[in-house]
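The following note reviews one protein structure point by point for a reader who is new to the subject. Please keep the sequence and the structure in view while reading.

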Amino acid sequence: MGYLSIQQFTSISDAITQIGSAKAELTISRTEVISSAIVVPSNITIKIAGIGDFTKTGSGSIDFQGPYIGLSRKTFYNFNAGDVTFTSSTIADIKWFGADPTGVSGASSPDSTAAIQSAMNSGASKIYGPAGNYILTSVVTIPTQKEFFGDGRVQTTFMPSTSMTDFAFKVIGTSVADAMVRGHLHDFGIQGADATTTALGGIYFDWAYMWSLSRIYVRRIRNNSAIGFHDRNSFNMFYESCQANLGSGVAGDFGTGFKTSSVTGNVTQITYVDCLAQYNQTGYKVYIPSGGASDGISYLLCAGNNVTTIDLEG
């Protein structure tokens with residue numbers, strides 16, 4: 001059928017029915033109200049143009065099984081996390097779900113937490129955060145096998161609000177058998193609001209393996225419980241050119257830059273390359289209590305600047 005417009009049909013459901021199994025690119029240039037479960041089959045490419053968007057009413061959801069070509073703006077209204085899903089090959093833009101890039105450090109609105117979580121739960125294997133400042137009021141959990149990236153470590157910044165009492169991002173498994181496997185996080189920053197920040201830190205892993213982190217900058221989380229990057233019960237982790245700068249030259253040293261720990265599991269093959277811990281009470285910490293084990297934790301070309309201690313145990 002070739003190139004079609006939603007204007008030729010009464011609704012997206014009508015378009016799906018009439019197109020059938022033919023190959024088609026369907027341009028959405030108006031608001032489509034989604035009130036039931038809609039499945040867009042793999043033979044239909046959806047392209048957003050003009051004012052095109054989707055609004056949920058009732059129990060609406062939409063599953064794009066074919067290619068999706070979006071614009072970098074809010075496109076999905078009133079949907080909950082998991083209501084909008086894509087094929088794994090899609091690169092999902094957090095702004096499609098309403099993430100607002102105009103946040104200010106220390107504020108609690110506009111809150112982008114739910115939008116970012118919706119992108120994480122969309123089934124897309126790659127999640128993109130365009131340049132801007134995005135406020136978080138609660139933790140965002142990152143599923144297994146995700147690539148999450150921005151436009152640069154100072155260009156794309158996620159800002160925990162002053163009411164937040166958790167990490168900005170978490171990757172959580174429950175055991176070796178149920179570990180969070182393979183992912184890549186890169187090219188973004190996490191910025192607190194200095195002394196008023198109560199967040200626990202930047203990124204936390206528990207029971208994860210084969211994740212790589214590159215060019216991530218965690219800064220200005222000035223409380224002594226904060227940790228820039230924390231690997232717990234994790235293995236085969238790789239950090240490159242990451243920086244934890246929780247304090248400042250004026251405010252002094254706060255928290256821990258990079259921490260590796262274990263409770264009952266093993267922590268093995270954690271590699272840090274060209275990383276910097278700066279203005280932290282503890283730059284690099286390894287904590288392995290009785291019952292745990294550590295092996296192959298490497299620091300290559302890493303540095304600690306204005307840190308009180310480097311604490312390696314176990």
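1. Which residues line the largest pocket? The model is a predicted one, and in it the lining of the largest pocket consists of Lys 74, Phe 76, Tyr 77, Asn 78, Phe 79, Ala 81, Phe 97, Gly 98, Asp 111, Ala 114, Ala 115 and Ser 118. Two elements give two or more residues to this lining, namely strand E9 (76-77) and helix H2 (113-120). The largest share, 3 residues, comes from H2.

2. The space in the largest pocket amounts to about 170 Å³. By residue type, the lining divides into 7 nonpolar, 3 polar and 2 charged residues. As background, rolling a probe the size of a water molecule over the atoms shows where empty space is left.

3. Of its 8 residues, 7 are buried, so H2 is largely enclosed by the rest of the structure. The buried residues of H2 are Thr 113, Ala 115, Ile 116, Gln 117, Ser 118, Ala 119 and Met 120. They pack against five named strands: strand E12 (126-129), strand E13 (132-136), strand E14 (140-141), strand E15 (147-150) and strand E16 (156-160).

4. E18 pairs with E15 in the parallel sense over 3 bridges, and Phe 149 stands opposite His 186 in E18. E18 also pairs with E16, again in the parallel sense, over 2 bridges; here Phe 158 stands opposite Ile 190 in E18.

5. A further partner of E18 is strand E20 (residues 208-221), and these two strands pair in the parallel sense over 11 bridges. Within this pairing, Gly 183 has Trp 211 in E20 as its bridge partner. In general, strands of a sheet pair through backbone hydrogen bonds, either parallel or antiparallel.

6. A separate sheet should be noted. It is an open sheet of 3 strands in the order E4-E7-E10, with parallel pairing. Strand E4 (37-40) and E10 are the edge strands, each of which pairs on one side only. E4 and strand E7 (residues 61-64) run parallel and are joined by 4 bridges. Ile 38 stands opposite Ile 62 in E7.

7. How many salt bridges does a search of the whole structure find? The search finds 8. One of the pairs is Lys 56 with Asp 83, whose closest N and O atoms are 2.7 Å apart. This pair links distant parts of the chain: Lys 56 belongs to strand E6 (residues 53-56), whereas Asp 83 lies in the loop between E9 and strand E10 (84-85), and the two are 27 residues apart. Lys 56 counts as buried because its relative accessible area is 12%, which is under 20%. Asp 83 is likewise buried, with a relative accessible area of 15%.

8. Other salt bridges may be inspected in turn. Arg 30 forms one with Glu 32, the closest N and O atoms being 2.7 Å apart, and both Arg 30 and Glu 32 are buried. The side chains of Asp 166 and Lys 170 meet in another, at 3.0 Å from N to O. Lys 170 has a relative accessibility of 19% and therefore counts as buried.

9. Is Lys 259 buried or exposed? Lys 259 is buried, because its relative accessible area is 17% and the limit for a buried residue is under 20%. This residue is placed in strand E24 (residues 256-261). Leaving aside residues up to four places away in sequence, Lys 259 touches Ile 227, Phe 229, His 230, Asp 231, Tyr 272, Lys 285 and Tyr 287.

How values were computed. Residues are numbered from 1 along each chain as its sequence is written. This is a predicted model: local features need pLDDT of at least 70, side-chain atom pairs count only at pLDDT 80 or more; totals for chains, interfaces and linings use all residues. Side-chain values use heavy atoms; hydrogens and water are left out. On a 1 Å grid over the protein atoms alone, a cavity is a set of points where a 1.4 Å probe fits but cannot get out, and a pocket is an open set with protein on both sides within 12 Å along at least five of seven lines; lining residues have an atom within 4 Å of a point. Grid points are joined across faces, edges and corners, and a volume is the space filled by probe spheres set on the points. Ala, Val, Leu, Ile, Met, Phe, Trp, Tyr, Cys and Pro count as nonpolar, Asp, Glu, Lys and Arg as charged, and the others, Gly among them, as polar. Buried means under 20% relative accessible area, exposed over 50%, partly exposed in between (1.4 Å probe, protein chains only). Contact means heavy atoms within 4.5 Å. A salt bridge is a side-chain nitrogen of Lys or Arg within 4 Å of a carboxyl oxygen of Asp or Glu. Two strands pair if DSSP finds at least two bridges between them.
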